[in-house]
Amino acid sequence: MKVWNPNLSPKEKSLVQSVFVFESNHGEKHKLPFYADGFPGIVFFHSEKPVTVFVGSESKVMDPVFVYGQTIDPIQIEIEGPFFFVMVQLLPAVVETALGIPVLELTNSCWTIPKFEWNFEPNFSLAIKEFSSSLATQALLNFILEKGKMFRPDPVLYVCIEEILEKKGNCEIGKLSKKHGLSERTLQRRFQNYVGLTPKKFSTIIRFQSSLNEINTENKFSLTDIAYVSGYSDQSHFIRQFKSFTKQKPFQFREKI
């Protein structure tokens, strides 16, 4: 299986955080794990066999285009090749503004986009016909650009999100709200409406993602070093947080890489 991240144009970056493409030309079955990353998104896939999403004990067979919300619990997608699977992480509020789906209703959930809503974009059918992940990526990005024409980000929250990302989740929410002229309660309310999470939860997820990236690198730092670099108060705090998002302890997770 091949995995890569296409580059984005400035226009696309106004709506999209990042893009991940998974592709296989072989018949093997793959299980794609996904963990909390702080961003909702939209997916377009093609496979001859059914594609199933597992969240805890629940499972659901998916349609080719679907939107997903904030992921708190680990998710696993079971897909059998040949296939392509394109996942576009969206900036918060794009889902609600562009697609009309309430962001709070999407947490740990998926929402099918009916075919009549995306069939206007010819690259969807061309991608399936030619089995082209590049056409699939362009189809999904074109769809988002068309739907998101009227999207206007909340400028204060956008800056707050950028700051949390830059500091890898190690932000004091009280100081952040004061810096931008908001009460902590106002920031929390606007964050929940815009992102689907409280600022504290969003920061916790971004810090977790930072530690996950460290574990996935080829530099085999000790877990104590990773906990320190990622901003955790101690190793036990790191282990608790990591397990809450992956259902595994860090050393168990690392052994499976």
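Reply: Happy to. The expected span is 1.5 Å times one less than the number of residues, and helices (H or I, at least four residues) and strands (E, at least two) are DSSP runs numbered from the N terminus.

This is a predicted model, where local features need pLDDT of at least 70 and side-chain atom pairs count only at pLDDT 80 or more, while totals for chains, interfaces and linings use all residues. Residues are numbered from 1 along each chain as its sequence is written, and side-chain values use heavy atoms, with hydrogens and water left out.

Of the 18 residues of α9, 14 are buried, so the helix is largely enclosed by the rest of the structure; buried means under 20% relative accessible area, with a 1.4 Å probe and protein chains only.

Now the largest pocket, which holds about 940 Å³ of space. Closest to its centre, among 27 lining residues, are Tyr35, Gln209, Leu212, Asn213 and Asn216. Two or more lining residues come from each of β2 (16-24), β3, β9 (83-90) and α9, with α9 giving the largest share, six residues. (A pocket is an open set of points on a 1 Å grid over the protein atoms alone where a 1.4 Å probe fits, with protein on both sides within 12 Å along at least five of seven lines; lining residues have an atom within 4 Å of a point. Points are joined across faces, edges and corners, and the volume is that filled by probe spheres set on them.)

Note on methods
Buried < 20%, exposed > 50% of the residue type's maximum accessible area, 1.4 Å probe, protein only.
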